[in-house]
Amino acid sequence: MQTRKKYIFLTFLASWLLLFFFGGDQLRRFAFFSGRKAEARRNWPRWTDRSLLKSFADPEELQRDGDPALLSPRERRAAWLSVHKSSRCRMETCFDFSRCERHGFKVFTYPQERGQPISETYGKILSSIKRSRYHTPNPEEACLFILSIDTLDRDHLSGQYVRDVDEKIRGFPLWNGGRNHLIFNLYSGTWPSYTGELGFDIGQAMLAKASFDTQSFRPGFDVSIPLFSKDHPQRGGDRGWLYQDSVPPKKKYLLVFKGKRYLTGIGSGTRNALHHIHNGKDIISLTTCKHGKDWEKHKDTRCDKDNVDYERFDYQELLHNSTFCIVPRGRRLGSFRFLEALQAACIPVLLSDGWELPFAEVIDWGRAAVVGSERLLLQIPSAVRCIHPERVLAFQQQTQFLWDAYFSSVDKIVHTTLEIIRDRLSPHRSRSRFLWNALPGGLLVLPDFSTHLGDFPFYYLQQGYNPSEKFTAFIRVVSQAGSLSQPILRLIQAVSGSQYCAQIVVLWSCEKPPPPSGKWPQSAVPLTIIRGSGKLSERFFPFGAIQTDAVLSLDEDTSLSTSEVDFAFLVWRSFPERIVGFPTQSHFWDPEQGRWGYTSKRTNELSIVLTAAAFYHRYYHSLFTEYLPAGLRELVDGLAACEDILMNVLVAAVTKLPPIKVTQRKQHKEGVAQQAQCRDGAAGTPPPGQRSPSAPHSAPAKAKGTAGSRRFSQRQDCLDQLADWFGYMPLVSSQLRLDPVLFKDQVSVLRKKYPSLEK
């Protein structure tokens, strides 16, 4: 038995040795004997692997990532550093914060020199800065400086290239090596490498630049902006193609591209490979090489067929009917189609490696775009097919928000740039990333007001906050108070009787001193008197005495009952971002005169709730005073009865929603208007009684008609000028009126909460 075991063992050993010596070379090929080989097999296949990509592309094309004569990344970096010697600049090292401490964040634009032409686009940028709330004509107050020299196009082959910039800026006494300066640029470099070279030494200046490379971008110092055309609107801008809160229909195409194909040079590798994903069904990829002067010299075998297919499809139609739009790099990293895709709610699929996306410091592009890799182009179709429809809808809605909030006009692009820089000056009071990426957007959220979401009227529902349960009654008075029979005293008694009233604040806009405290009626809530200057815009000043979220704005001759006030306040608590009130007006477009019209006739349409009797959030006082430029407030002070229109326009521009009208009593009683005025004929001070829900009955018919006609004409002018300033008409019309439950129903009065509203 032992001998048999010995023979079996020797036979097994001999067989193993023979297998090792004669077949060991084959065994070593298995991953079991080589961990390194196993790891190598798990790596992504080589881009030029013939066996994997033979049916898709020629290896020669795949290996040609660009013109071999172009600069390498290291050489491009060295060329950039030779121009931008302060490449390590940060706000802490290259920005003088002391200039911003005394007067805050103020921006000064250099005066334009004679004989120094500027492009139309740069003129829009300078105009946007001058229209902003940060502009100052005094360089001593400035925190940031903007050159008057056009630096947008730094391609020396361009007709708009400005020469000898170095010599010019060195002659500016405020240049200071570029410190606290911001330079705008859209095009840098030239054929064939298109580097980031600007052709002059920027020193310690910040760059607001399109097509920014991540290698040359200085985080926390520079600002990446989008590339936009000279036809981009100055203000307002066209709205996005997807309406708010709407579900878009299923689109015909999944993925589209239509654009130029570069036959040689930088950017040609990506666009030359786009035809591989075209299937002619739900993926359309069309290119043409028919551009440039000598395209026929370089055309390949595909050019003729591509040019024919290219003409079969309309570009705008593809944008409208596609879910995803490919946005590849061109000669530079950015392209116009990026903003075109955003506006069209066509989700951008970015193929531009190394591109610092516009405003990426504050915008979360992962919620609005698909960032792909140029080397993984063939994976794009399968990747977008895997995105769930609910996420696709969220992407589309986010594209519309970003377009409207930051990119639809030159004003918004420039103002976003300035707000980003301003936030860097006070990081502890800067906007959070959530505020930048949620309605209504970072431009309309003032960090000086608060950094807590619960203090703004926009995030109650989303964040689970509730507005305060009390309101402040804010009454503007322009006439001397007298006996207890006067309307203002009855108004104070009615408002103070509300269980939700926390305090009453009276703005005394009269040169005469207010009556002594003994002549004011006794009320259950505190009564505060504030002396005003008489300006109409002052009624929307963010007074520190207003502590509640809700403000009930009233004119001295407004007549309201306690039930009306209570019901309107409860309605406002359900819609804290809107204006909720009683007297309404509407606007319309007059095609004959080619302007916006204003009407006070009672119709089913309403778009304005007069602030003679209206609830709104106190944050709108801060927006009115601090967000709007001084020019608009001066317009309000110069035109009687314009301030409430501007407040309605502002709230509509922020929320994109109409105001809400609530129930009024059938017979709305008005008090007799005071005849004694603060200042007879004072400019900008409307006579009392004309701001109430209905006109007073005591004025003579002729005088009333003359004053009413003049006031109506001023309102027309005000509305038209506001539409021109905003660049569009923000007001939104509505046919909604909210009444209490069982209002005017044929049921017992005991079942109704507000029976007095029906009297």
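1. Contact here means heavy atoms within 4.5 Å, and among contacts in the protein between residues at least 6 apart in sequence, 75% join residues at least 24 apart. The model is a predicted one, in which local features need pLDDT of at least 70 and side-chain atom pairs count only at pLDDT 80 or more, while totals for chains, interfaces and linings use all residues. Residues are numbered from 1 along each chain as its sequence is written, and side-chain values use heavy atoms, with hydrogens and water left out.

2. As for the overall make-up, the protein has 24 helices and 21 strands; helices (H or I, at least four residues) and strands (E, at least two) are DSSP runs, numbered from the N terminus. Of the 759 residues of the protein, 53% count as buried, where buried means under 20% relative accessible area, exposed means over 50%, and partly exposed lies in between (1.4 Å probe, protein chains only).

3. The disulfides deserve a careful look. A disulfide is taken to be a pair of cysteine sulfur atoms within 2.5 Å, and by this rule the count comes to 5 disulfides. One of them is formed by Cys89 and Cys94, whose sulfur atoms are 2.0 Å apart, and with -75° about the S-S bond this link of Cys89 and Cys94 is left-handed. Cys89 is buried at a relative accessible area of 2%, and Cys94 also counts as buried, at 5% relative accessibility.

4. Another disulfide joins Cys100 to Cys143, with an S to S distance of 1.7 Å, and the link of Cys100 and Cys143 is right-handed, with 55° about the S-S bond. Because Cys100 lies in the loop between α6 (91-94) and β1 (107-109), and Cys143 in the loop between α7 (120-131) and β2 (144-146), the pair ties together parts that are 43 residues apart in sequence. Cys100 counts as buried at 11% relative accessibility, and Cys143 is buried with a relative accessible area of 0%.

5. A disulfide also joins Cys642 to Cys718, at an S to S distance of 1.8 Å. The torsion about the S-S bond of Cys642 and Cys718 is about 65°, so this disulfide is right-handed. Cys642 lies in the loop between α22 (630-638) and α23 (643-655), and Cys718 lies in helix α24 (residues 701-726), so the pair ties together parts that are 76 residues apart in sequence. Cys642 is buried, and so is Cys718.

6. On helix packing, α7 and helix α16 (residues 410-425) pack at an angle of about 65°, with their axes 9 Å apart; axes are lines fitted to C-alpha atoms, for helices over the stretch in contact, and angles run from 0 to 180 degrees between N-to-C directions. The crossing of α7 past α16 is right-handed, a crossing being right-handed if the near helix is turned clockwise from the far one by less than a right angle, and left-handed if anticlockwise. Lys124, Ile125, Ser128, Ile129 and Arg131 of α7 make the contact with Val410, Asp411, Val414 and His415 of α16.

7. Strand β9 (residues 347-351) has 5 of its 5 residues buried, so β9 is largely enclosed by the rest of the structure. Ile347, Val349 and Leu351 point one way from β9, whereas Pro348 and Leu350 point the other way, and all are buried. Strand β8 (residues 322-328) and β9 pair in the parallel sense over 5 bridges, two strands being paired if DSSP finds at least two bridges between them. Cys325 stands opposite Pro348 in β9.

8. An open sheet of 8 strands runs in the order β13-β12-β11-β14-β19-β15-β20-β21, with mixed pairing. At its edges stand β13 (527-531) and β21 (737-738), each with a single partner strand, so one side of each is left without a neighbour in the sheet. Strand β12 (residues 501-508) is joined to β13 by 5 bridges, and the two run parallel; Trp508 stands opposite Arg531 in β13.

9. Helix α19 (residues 487-496) lies across β11 (471-477), β12 and β14 (550-555), running at about 175° to β11. Helix α20 (residues 562-574) lies across β11, β14, β15 (580-581), β19 (613-617), β20 (660-662) and β21, and runs at about 30° to β19.
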